[in-house]
Amino acid sequence: MECRVLSIQSHVVRGYVGNKSASFPLQVLGFEVDSINSVQFSNHTGYSHWKGQVLTADELHVLYEGIKLNNVNHYDYVLTGYTRDTSFLEMVVDIVQELKRANPNLVYVCDPVLGDHGSMYVPQNLHPVYKNKVVPVADIITPNQFEAELLTGKNISTEKDAVEVMDLLHKMGPDTVVITSSDLPPRLGDRFLVSFGSQRILMPDGTRKTQRIRIEVPKVDAVFVGTGDLFAAMLLAWTHHYPTDLKTACEKTFSVMHHVIQRTISYAHEMAGPGRRPSPSQLELRMVQSKADIEDPAIVMEATVL
């Protein structure tokens with residue numbers, strides 16, 4: 001059965017971020033991807049220069065209307081990432097709600113990009129839109145620790161706090177929550193990051209069961225762009241293949257990330273030369289070169305069921 005994703009994200013001519021980061025891996029795994037580019041930039045904004053255009057909420061509406069007029073607005077998934085504009089985000093919510101009316105089984109995967117390490121890198125007025133409008137219609141969300149704390153108003157200092165925050169996020173709407181990174185001390189040593197996942201599953205008798213996992217991920221000493229977009233896309237894909245097995249879906253997702261990042265960092269250091277920090281262009285994700293790992297990742301990280 002064909003599975004179709006509407007991905008509303010940024011686009012860059014050169015490199016991998018937003019739709020460029022999500023579309024190819026999803027297509028490799030057999031998904032049809034319809035892309036709406038929220039921005040079209042020459043490259044990501046970590047370079048010295050960038051040029052391009054930003055799609056307005058009205059222009060998003062026009063594009064969606066065109067799809068609807070042809071009666072091809074039938075989707076299994078919606079995927080969204082970084083947005084800077086409240087009216088655009090509200091239009092996304094309207095579109096998701098309409099698509100869910102047409103297909104009640106539609107799954108909305110949202111990376112609620114607000115900030116990291118204690119500071120926001122989107123305008124403050126996006127916070128209430130995410131909290132009150134976006135998260136309630138989302139089915140899968142992938143916040144980092146800062147974003148999870150911001151959305152729930154609760155700090156994470158212990159594993160117990162992380163579980164409570166994920167439960168609070170479930171109450172807001174999403175059945176699957178993955179906290180992609182946290183500041184909690186890893187058991188494997190300080191070269192690792194701790195991530196958490198939680199999934200509520202509706203049982204045949206109408207009750208809900210929750211599976212929670214913890215996974216430790218190796219740190220890499222480099223700044224990558226587009227990894228969050230790749231992560232959300234891979235979580236979409238692997239939860240589709242393992243809808244009631246969050247442990248396996250996360251192991252596959254994190255392992256894909258590991259393979260792509262390792263290939264990228266090796267290439268970047270080789271291109272930069274000994275003792276030199278790689279440039280943004282050298283650190284662009286080695287996506288095409290990782291096709292085999294995306295399709296069938298060797299599991300290099302195991303999740304622990306909590």
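Guide: We shall proceed from the whole chain to single residues. Please bear in mind that this is a predicted model.

Visitor: How many helices and strands does the protein chain contain?

Guide: The protein chain has 9 helices and 12 strands. Its C-alpha trace spans about 55 × 45 × 40 Å along the principal axes.

Visitor: Why may the chain be read as a compact globule?

Guide: For 306 residues, a compact globule would have a radius of gyration near 19 Å, and the protein chain agrees because its value is 19 Å. Of these 306 residues, 52% count as buried. The protein chain exposes about 14,300 Å², and carbon and sulfur atoms supply 51% of that area.

Visitor: What share of the contacts joins residues at least 24 apart?

Guide: Among contacts between residues at least 6 apart in sequence, 70% join residues at least 24 apart. As for charge, the chain has 28 positive and 35 negative charges, and their mean positions are 3 Å apart.

Visitor: How should I read the nonpolar interior?

Guide: In soluble globular proteins, nonpolar side chains tend to be buried together. Here the largest nonpolar core has 45 residues, and those touching the most other members are Leu 26, Phe 31, Tyr 77, Leu 79, Met 234, Leu 236 and Phe 254. At least two residues each come from helix 1 (19–28), strand 4 (77–80), strand 5 (107–110), strand 11 (208–218), helix 7 (227–241) and helix 8 (246–272). Helix 8 gives the largest share of this core, 10 residues. A second, separate core has 44 residues, including Ala 57, Val 134, Ala 148 and Leu 169.

Visitor: Which residues does Tyr 77 contact, leaving aside its neighbours within four places in sequence?

Guide: Tyr 77 is in contact with Cys 3, Arg 4, Val 5, Leu 6, Phe 31, Leu 106, Val 107, Val 109, Leu 236 and His 240.

Visitor: Is helix 1 mostly covered or mostly open, and which of its residues are buried?

Guide: Helix 1 is mostly covered, with 7 of its 10 residues buried. The buried residues are Asn 19, Ser 21, Ala 22, Ser 23, Pro 25, Leu 26 and Val 28. They pack against strand 1 (4–12), strand 2, strand 4, helix 7 and helix 9 (291–295).

Visitor: Is His 117 buried or exposed?

Guide: His 117 counts as exposed because its relative accessibility is 68%, the cut-off for exposed being over 50%. His 49, in the loop between strand 2 (32–41) and strand 3 (52–54), is likewise exposed, at 66% relative accessibility. By contrast, His 170 in helix 6 (159–172) counts as buried, at 3%.

Visitor: What surrounds His 170, leaving aside its neighbours within four places in sequence?

Guide: His 170 is in contact with Asp 175, Thr 176, Val 177, Ser 198, Gln 199, Arg 200 and Thr 210. Thr 210 lies in strand 11 and counts as partly exposed, at 31% relative accessibility. With sequence neighbours up to four places away not counted, Thr 210 touches His 170, Ser 198, Gln 199 and Arg 200.

Visitor: Where is Pro 143, and is Pro 143 buried or exposed?

Guide: Pro 143 is in the loop between strand 8 (140–141) and helix 5 (145–152). Pro 143 is buried, with a relative accessible area of 0%. Beyond its neighbours within four places in sequence, its contacts are Pro 112, Ala 148, Leu 169, Val 178, Ile 179 and Thr 180. Ala 148 and Leu 169 also belong to the second core.

Key
Residues numbered from 1 in each chain as written. Predicted model: local features only at pLDDT ≥ 70, side-chain atom pairs only at ≥ 80, totals over all residues. Heavy atoms only, no water. Helix = DSSP H or I, 4+ residues; strand = E, 2+ residues; numbered from the N terminus. Rg over C-alpha atoms; globule rule 2.2 N^0.38 Å. Buried < 20%, exposed > 50% of the residue type's maximum accessible area, 1.4 Å probe, protein only. Contact = heavy atoms within 4.5 Å. Areas by Shrake-Rupley, 256 points an atom, 1.4 Å probe, with all protein chains shown as cover. Lys, Arg positive; Asp, Glu negative; His and termini not counted. Charge placed at Lys NZ, Arg CZ, Asp CG, Glu CD. Core = buried A, V, L, I, M, F, W, Y, C linked by side-chain atoms within 4.5 Å.
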